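Try each task yourself before you read its solution.

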Amino acid sequence: MHSFNRAADKVALKPIAKFYEKVIPSFARKGVTNFFNNLGTINTFVNDFLQGKGKQGVSDFSRFFVNSTIGIGGLFDPAKHWGLKAHKEDFGQTLATWG
C-alpha cells in the first residue's frame with residue numbers, strides 16, 4: 001500500500017499540487033485554507049462544550065460566527081485580528097474527558 005501511495009503521489013498528486021500552486025494566486029489559496037479551517041471550527045466548539053469548556057466554547061463559536069459572516073463564509077479570518085484565538089479540540093479528547 002505504501003508503494004502504491006508513493007507512486008500515486010509521484011504520478012498524479014504532486015503534479016496537480018504544483019499546477020495548483022503555480023496557477024492559483026496565493027491570496028486565493030489562503031482563502032481556501034481559511035474556509036476549511038473555519039469549517040473545522042464547528043467540530044472544535046462542539047467538542048469544547050462536550051468537554052465542559054464553556055468559556056473556550058463560546059470563544060470558538062464566536063470565532064466561527066465572525067469568520068462566517070464578516071469573513072465572507074470563512075474566506076477571511078477577521079476573528080484573529082480581534083483576538084479570538086483558534087483552539088483545537090476533537091472527539092478523542094472528549095471521550096478521554098468522559099473516561
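This is a predicted model: local features need pLDDT of at least 70, side-chain atom pairs count only at pLDDT 80 or more; totals for chains, interfaces and linings use all residues.

Numbering starts from 1 along each chain as its sequence is written, and side-chain values use heavy atoms, with hydrogens and water left out.

**Exercise 1. Describe the largest pocket: its volume, and what lines it.**

Step 1: On a 1 Å grid over the protein atoms alone, a pocket is an open set of points with protein on both sides within 12 Å along at least five of seven lines, while a cavity is a set where a 1.4 Å probe fits but cannot get out; lining residues have an atom within 4 Å of a point. Points are joined across faces, edges and corners, and the volume is the space filled by probe spheres set on them.

Step 2: read off the volume, which comes to about 290 Å³ for the largest pocket.

Step 3: list the lining. There are 19 residues, and Asn 37, Asn 38, Arg 63, Asp 77 and Ala 86 are the ones nearest the centre.

Step 4: sort the lining by helix (a DSSP run of H or I, at least four residues, numbered from the N terminus). At least two lining residues come from each of α2 (26-50), α3 (54-69) and α4 (78-81), and α2 gives the most, with 7 residues.

Step 5: Ala, Val, Leu, Ile, Met, Phe, Trp, Tyr, Cys and Pro count as nonpolar, Asp, Glu, Lys and Arg as charged, and the others, Gly among them, as polar. On that scheme the lining splits into 3 nonpolar, 10 polar and 6 charged.

**Exercise 2. Find the salt bridges; how many does the structure hold?**

Step 1: search for a side-chain nitrogen of Lys or Arg within 4 Å of a carboxyl oxygen of Asp or Glu. The search gives 2 salt bridges.

Step 2: take Glu 89 and Lys 53, whose closest N and O atoms are 3.0 Å apart. Glu 89 sits in the loop between α4 and α5 (91-98) and Lys 53 in the loop between α2 and α3, so this pair ties together parts 36 residues apart in sequence.

Step 3: check accessibility (buried is under 20% relative accessible area, exposed over 50%, partly exposed in between, with a 1.4 Å probe and protein chains only). Glu 89 is buried at 8%, whereas Lys 53 is partly exposed at 31%.

Step 4: move on to Arg 63 and Asp 77, with closest N and O atoms 2.9 Å apart. This pair links distant parts of the chain, 14 residues apart: Arg 63 is in helix α3 and Asp 77 in the loop between α3 and α4. Arg 63 is buried, with 8% relative accessible area, and Asp 77 also counts as buried, at 18%.

**Exercise 3. Which residues does Asp 77 touch, leaving out those up to four places away in sequence?**

Step 1: apply the contact cut-off, heavy atoms within 4.5 Å. Asp 77 touches Asn 34, Arg 63 and Asn 67.

Step 2: compare sequence and space. Asn 34 is 43 residues from Asp 77 in sequence, yet their C-alpha atoms are 6.7 Å apart.

Step 3: look for polar contacts (a pair of N or O atoms within 3.5 Å; within protein, one must be able to donate a hydrogen and the other to accept it, and residues adjacent in sequence count only if both atoms are side-chain atoms). The side chains of Asp 77 and Asn 67 make one at 2.9 Å.

**Exercise 4. Are Asn 38 and Asn 67 buried or exposed?**

Step 1: Asn 38 belongs to helix α2, and Asn 67 to helix α3.

Step 2: check the accessibility. Asn 38 is buried at 5%, and Asn 67 is buried at 4%.

Step 3: go through the neighbours. Asn 38 touches residues including Arg 63, Phe 64 and Asn 67, and its side chain makes a polar contact of 2.9 Å with that of Ser 68. Among the residues that Asn 67 touches are Gly 73, Gly 74 and Ile 72.

Step 4: follow up Ile 72, in the loop between α3 and α4. Its phi is near 50 degrees, a positive value in a residue other than glycine, and Ile 72 is exposed at 52%.
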